[in-house]
Amino acid sequence: MCKYNEKELREIQENMQLVEEYPFLKPLDAGKDYDYSYTYLDDIPLGWKKAFGRQFCKELKAALSDEELSGYSVCQAKEKYGGLRWYSVGGNDETNKVIDKYEEISQNTCVNCGKKATKYTTGWILPVCDDCAKEIKKKNPKTIFRDISN
């Protein structure tokens, strides 16, 4: 009997392809029994992953020489204060520019669906689009939003 359902198996297959193309997505502590159920790209909000995840990885890889690629690794990826945070070692000035670019893009991209964000939630700061803001408001009417001024 398989320990994964069909959805999980699809995610594992996608992660295998991602790690093959972008080896820096493989967790640093992945041992020989690594099952591809997780990559560092899974640590960022789904909306960002949909909107720019692969493109971000593609640009990072393009900014690295083959030698640099083998030494490049991600330490942590996350959302903080409504923006992408990508901590890595072994990069260069070009990878830093790519990271800066996507940190800025993330602040205007809905964390839930990947559309252009129009608002921030207050408290826990997250960029969201109008549609997702309506859904959040339905679930929690006390949520307060502020408009993003671009």
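T121 has F145 in β5 as its bridge partner, in a model that is predicted.

- The open sheet has three strands in the order β4-β3-β5, with antiparallel pairing.
- β4 (127-128) and β5 (145-147) are the edge strands, each pairing on one side only.
- As background, strands of a sheet pair through backbone hydrogen bonds, either parallel or antiparallel.

**The cysteines**
- If you are wondering about disulfides, the structure holds zero.
- C57 is in no disulfide, and the nearest cysteine sulfur, that of C75, is 15 Å away.
- C57 is also buried, with a relative accessible area of 0%.
- C129 has its closest cysteine sulfur in C113, at 3.6 Å, which is too far for a bond because a disulfide needs the two sulfur atoms within 2.5 Å.
- C129 counts as buried too, at 3% relative accessibility.

**Helices α1 and α2**
- Helix α1 (residues 6-21) and helix α2 (residues 46-62) have axes that come within 10 Å and cross at roughly 25°.
- That angle makes α1 roughly parallel to α2, because angles under 35 degrees count as roughly parallel.
- On the α1 side, the contact residues are E14, Q17, L18 and E21, and these meet K49, R54 and K61 in α2.
- Sorted by class, this contact of α1 with α2 has five charged residues, one polar and one nonpolar.

Technical notes
Residues numbered from 1 in each chain as written. Predicted model: local features only at pLDDT ≥ 70, side-chain atom pairs only at ≥ 80, totals over all residues. Heavy atoms only, no water. Pairing = 2+ DSSP bridges. Helix = DSSP H or I, 4+ residues; strand = E, 2+ residues; numbered from the N terminus. Buried < 20%, exposed > 50% of the residue type's maximum accessible area, 1.4 Å probe, protein only. Axes fitted to C-alpha atoms, helices over the stretch in contact; angles between N-to-C directions. Parallel < 35°, antiparallel > 145°, perpendicular 65-115°, else oblique. Contact = heavy atoms within 4.5 Å. Nonpolar A, V, L, I, M, F, W, Y, C, P; charged D, E, K, R; others polar.
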